[in-house]
Amino acid sequence: MSDNYHIDSHKYMYHPEHSSTILSYLRHPENSTYKQAYKNQHPKYIEVSPVGACNHRCTFCSVDYIGYNSIFIDFERYKKSIDSMKGKECGSIMFAGEGEPLLHPNISEFVNYTKEVGGIDTAFTTNAYRLTSRFIKDSMKNISWIKVSFNAGTSSSYANIHRCNEKDFSIVVDNIRRAVEYKVEKGLKTSIGMQMVLLPENSDTVHSLCTLAKDIGVDYVVIKPYSQHKLSSDRDYKDIDYREYLSLEEELEQYNEDKFNVIFRVNTIKNWISQNKDRYCHCIATPSVWAYWMADGSVYTCSAFLLDKRFMLGNINEKTFDQIWTTDRRLEHSKYVLNELDINECRVNCRMDHINRYLDSIVNKKIDHANFV
């Protein structure tokens, strides 16, 4: 099954200059040159939550414990942090988070300033209910990809899982179709996809979703397993046995064409089945490869530990991102994560799992005959 976007893997191997700074520091932590280079380096990827509120209440939501607060990142404060990040190696910002990003009244300005002034690529994970014509026209030219959280192939199942009005199904479909048409009309490179978290309640609608997505004209559909968050109040899905769904990998091949792919995340599912028993012992990616900004401006080093003060470095309402990130506090935090954090606290299939496997294979030389390049 084709995965042109490496969604079931990672793309960090294409940034050797970033990883070399991290690896040099890990190998020689007392070397002042390597330490300073690591300290000054920004993460390659940042997730930003412009809004704490959400118009849906998905049954599987991993951040329900935060409370869907009606908080909005201040755009002027955001701009100052973007200004501070120029030339510091951050390559991308994905708008998503503990709320629905398109609910922010200034979301187009966020996108355009990030890309046009900051030189940073942007993307969205969204339920697309507010994917309006105005937003599409104002901002889509500056967006690398839009992934729509669309968790069923029928309106009734969609409403049950998203816990929303059944009419939202057709509203979102129309919004996605409009975005695809605008993309084609303007010749934009923005990738548009749909993503389903595979659950017992929607497993019988997978084929319906793939048929619908192909009709709309999106670039891809992702089918992924649920990952239990340790703090989420919902526990209904923690014991799903994904082995019974492995046959979908072959079944879904029938939908693949040159311009449309179904990405069944079989590697991620196999990691879930094994419960990561064969994985690395330490997290190397945190706090180096990525970061997370909450809607209240708090900067965390890992989205699995939001509200956990061990992982909060500061707040962009008080300091710029550069002032928060390039500090001795992050250096000390990196030592804690590498040497003290018990990764059994972490989620199976966390966002950095594949990158950690990659970095761990380099640090610990887990590939036989590595010198025979």
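User: Over which ring face does Arg330 lie?
Analyst: Arg330 lies over the face of Tyr38, at 4.6 Å from the ring centre. A charge sits over a ring if NZ of Lys or CZ of Arg is within 6 Å of the ring centre and within 35 degrees of the ring normal. Arg57 lies over the face of Tyr68, at 3.9 Å from the ring centre.

User: What kind of model is this, and how are residues numbered?
Analyst: The model is predicted: local features need pLDDT of at least 70, side-chain atom pairs count only at pLDDT 80 or more, and totals for chains, interfaces and linings use all residues. Residues are numbered from 1 along each chain as its sequence is written, and side-chain values use heavy atoms, with hydrogens and water left out.

User: How is a pair of aromatic rings described?
Analyst: By the distance of the centres and the angle of the planes. Rings of Phe, Tyr and Trp (its six-membered ring) pair if their centres lie within 6.5 Å; planes under 30 degrees apart are stacked, over 60 edge-to-face, the rest tilted.

User: How many aromatic pairs does a search of the whole structure find?
Analyst: It finds 19. Take Phe75 and Phe110: their ring centres are 5.2 Å apart and their planes at 40 degrees, so the pair is tilted. Phe75 lies in helix H3 (residues 75–84) and Phe110 in helix H4 (residues 107–117), so the pair ties together parts 35 residues apart in sequence. Helices (H or I, at least four residues) and strands (E, at least two) are DSSP runs, numbered from the N terminus.

User: Are Phe75 and Phe110 buried or exposed?
Analyst: Both are buried. Buried means under 20% relative accessible area, exposed over 50%, partly exposed in between (1.4 Å probe, protein chains only). Ring pairs also link Phe75 and Phe110 into a cluster, with Tyr78, Phe95 and Trp293 among its other members.

User: Where is Asn160, and is Asn160 buried or exposed?
Analyst: Asn160 is in helix H6 (residues 155–162). Asn160 is exposed, with a relative accessible area of 56%.

User: At what angle do helices H10 and H13 pack?
Analyst: Axes are lines fitted to C-alpha atoms, for helices over the stretch in contact, and angles run from 0 to 180 degrees between N-to-C directions. H10 (residues 266–274) and H13 (residues 353–363) pack at about 80 degrees, with their axes 12 Å apart. That makes H10 roughly perpendicular to H13. Under 35 degrees is roughly parallel, over 145 roughly antiparallel, 65 to 115 roughly perpendicular, the rest oblique.

User: Which residues meet there?
Analyst: Asn267, Thr268 and Asn271 in H10 meet Asp353, His354 and Arg357 in H13. Contact means heavy atoms within 4.5 Å.
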